[in-house]
Amino acid sequence: MERTTCLVVGGGPAGMVLGLLLARGGVEVTVLEKHGDFLRDFRGDTVHASTLTLLDELGLGPAFAQVPHQDVDKIEALLDGGAKATIADLSRLPGPNKRIAMVPQWDFLDLLADAGRLEPTFTLRMNTEVTEITRSGDKVTGVKYRDRVDGHEGEYAADLVVAADGRSSILRAAVELPVYSFGAPMDVWWFRLPRNESDAVKGGAGRFSAGSALVLIPRGEYFQCAFLIRKGTDQAVRAEGIEKFRERVVTLVPWLADRVRHITDLDEVKLLDVKLDRLRQWHVDGLLCIGDAAHAMSPVGGVGINLAVQDAVAAATLLAKPLKEGRVTNATLAKVRGRRLFPTVVIQTMQRVIHRLFLGRKLNSTETVSSTGMPLPLKIVQKLPFLQAVPAYVVAIGPRPEHAPDFARRDPQTIVRS
């Protein structure tokens, strides 16, 4: 049996940030990631303003600047006739980071992994798939795992196990924590289309018209595209065929007509089964859930990564000292939820309102969104541009931004990429 003080299951943004911060606090921490690398398409690729500030506090700002990325300083709505309306203006944000950086998530995670390897108490195990938890009475004491390369099976014991393994968390399911499920009116198809420098969209933009919706996220030479469909209609829409899908895309954004042929097969279009839920309790004795394992977010606003990272910062801040001293209790674990519940509820409530009052209606409607018929809130922020700072703050920073604890802060440093 292997042993560590804190065992983090899941090498996504929440797990890697938590592992790095705890290691900088002198805690022996092991992160288990079931894949052999971080290379997966159509994961959240947004690094928000609050996360950029966190990277600066950790001394990783210069290293992140070397990672290829695109900066987004506006979020816009595309209207009929090619007109645009600004929803959020990130240049109005407080602080030095007035942007969202679009960066492949694997590059972001590789950077965190390289920074973690500089800490003597940090271990990252790839190709290590957790198969079940272990218990002593009612207390979670560790996990069993399988090496996905050679099939070796083993067991890790830990003072604390952290479930950072996403919204389909095997650990969350194993301990059967009660959950609030809110449902969602849509699912999302992810795909890519080539991008030209002359395209009208420079930042993130959404097009909502005639019962359909398409979000364009600029990513260097291509757009990462999110096509919204009514919940549960994936098979029916696929049955209409590739030509019908191309027609839907061009109807929404006509200037994409010269590149929709790059979608050669609907197998290239990946489904995101949208969920919106949160645990009523984030822990049991010996185990804590954070990030999507604690609260699955809608893709509305692209805030899931931001909340997950902030969960990790809060958890490290509250748990580093108790972990070092061997005195983590249920009351200690409950403090993490207590600190992060408010921003989670605020963001999810806003997403639920958008689902119910806008997206749900729009996906079942034949009405277009024109410059004269745009929703009232969008009209107001066009007439009063300073209000564009409000959605910018909610999306890019959040209701309760977390900052690096003193023990994790470093002067700007160079990270040698592995």
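**Close-up views of a predicted model**

**Figure 1. Lining of the largest cavity.** The lining of the largest cavity comprises 13 residues, and those nearest its centre are N306, L307, I397, G398 and P399. Helix 8 (304-325), helix 9 (330-363) and helix 11 (389-396) are the elements that give two or more residues to this lining. The model is predicted: local features need pLDDT of at least 70, side-chain atom pairs count only at pLDDT 80 or more, and totals for chains, interfaces and linings use all residues. Residues are numbered from 1 along each chain as its sequence is written, and side-chain values use heavy atoms, with hydrogens and water left out. A cavity is a set of points, on a 1 Å grid over the protein atoms alone, where a 1.4 Å probe fits but cannot get out; lining residues have an atom within 4 Å of a point. Helices (H or I, at least four residues) and strands (E, at least two) are DSSP runs, numbered from the N terminus. The space in the largest cavity is about 60 Å³, where a volume is the space filled by probe spheres set on the grid points, which are joined across faces, edges and corners. Its lining divides into eight nonpolar, three polar and two charged residues. Here Ala, Val, Leu, Ile, Met, Phe, Trp, Tyr, Cys and Pro count as nonpolar, Asp, Glu, Lys and Arg as charged, and the others, Gly among them, as polar.

**Figure 2. The second largest cavity.** K139, D159, L160, D285, G286, V328, T329, N330 and L333 line the second largest cavity. Strand 11 (153-163) and helix 9 each give two or more residues to this lining. By class, the lining holds three nonpolar, three polar and three charged residues.

Figure 3. Six aromatic pairs are present in the structure. Rings of Phe, Tyr and Trp (its six-membered ring) pair if their centres lie within 6.5 Å; planes under 30 degrees apart count as stacked, over 60 as edge-to-face and the rest as tilted. One of the pairs, W189 with F227, is tilted, at 6.3 Å centre to centre and 40 degrees between the planes. W189 belongs to strand 13 (residues 186-194) and F227 to strand 16 (residues 222-230), 38 residues apart. W189 is buried at 0% relative accessible area, and F227 is likewise buried at 0%. Buried means under 20% relative accessible area, exposed over 50%, and partly exposed in between (1.4 Å probe, protein chains only). A further tilted pair consists of F223 and W255, 6.1 Å centre to centre with 55 degrees between the planes. F223 is in strand 16 and W255 in the loop between helix 7 (242-252) and strand 17 (270-272), so this pair ties together parts 32 residues apart in sequence. F223 is buried, at 0%, whereas W255 is partly exposed, at 29%. W189, F191, F227 and F245 make up one aromatic cluster.

**Figure 4. Arginine charges over tyrosine rings.** The charged end of R192 sits over the ring of Y222, 4.3 Å from the ring centre. R280 has its charged end over the ring of Y180, 4.5 Å from the centre. A charge sits over a ring if NZ of Lys or CZ of Arg is within 6 Å of the ring centre and within 35 degrees of the ring normal.

Figure 5. Strands pair if DSSP finds at least two bridges between them; three bridges join strand 4 to strand 7 (residues 100-102). D71 stands opposite A101 in strand 7. The C-alpha atoms of D71 and P218 are separated by 9.0 Å, although the residues are 147 apart along the chain. P218 is in strand 15 (residues 212-219) and is buried, at 2%.

Figure 6. Strand 2 (residues 29-32) runs parallel to strand 8, joined by four bridges. L32 has R125 as its bridge partner in strand 8. F122 and L124 form the covered face of strand 8 (residues 122-125), and T123 and R125 the uncovered one. N127 lies in the loop between strand 8 and strand 9 (128-136), and its phi is near 55 degrees, a positive value in a residue other than glycine.

Note on methods. On a 1 Å grid over the protein atoms alone, a cavity is a set of points where a 1.4 Å probe fits but cannot get out, and a pocket is an open set with protein on both sides within 12 Å along at least five of seven lines; lining residues have an atom within 4 Å of a point.
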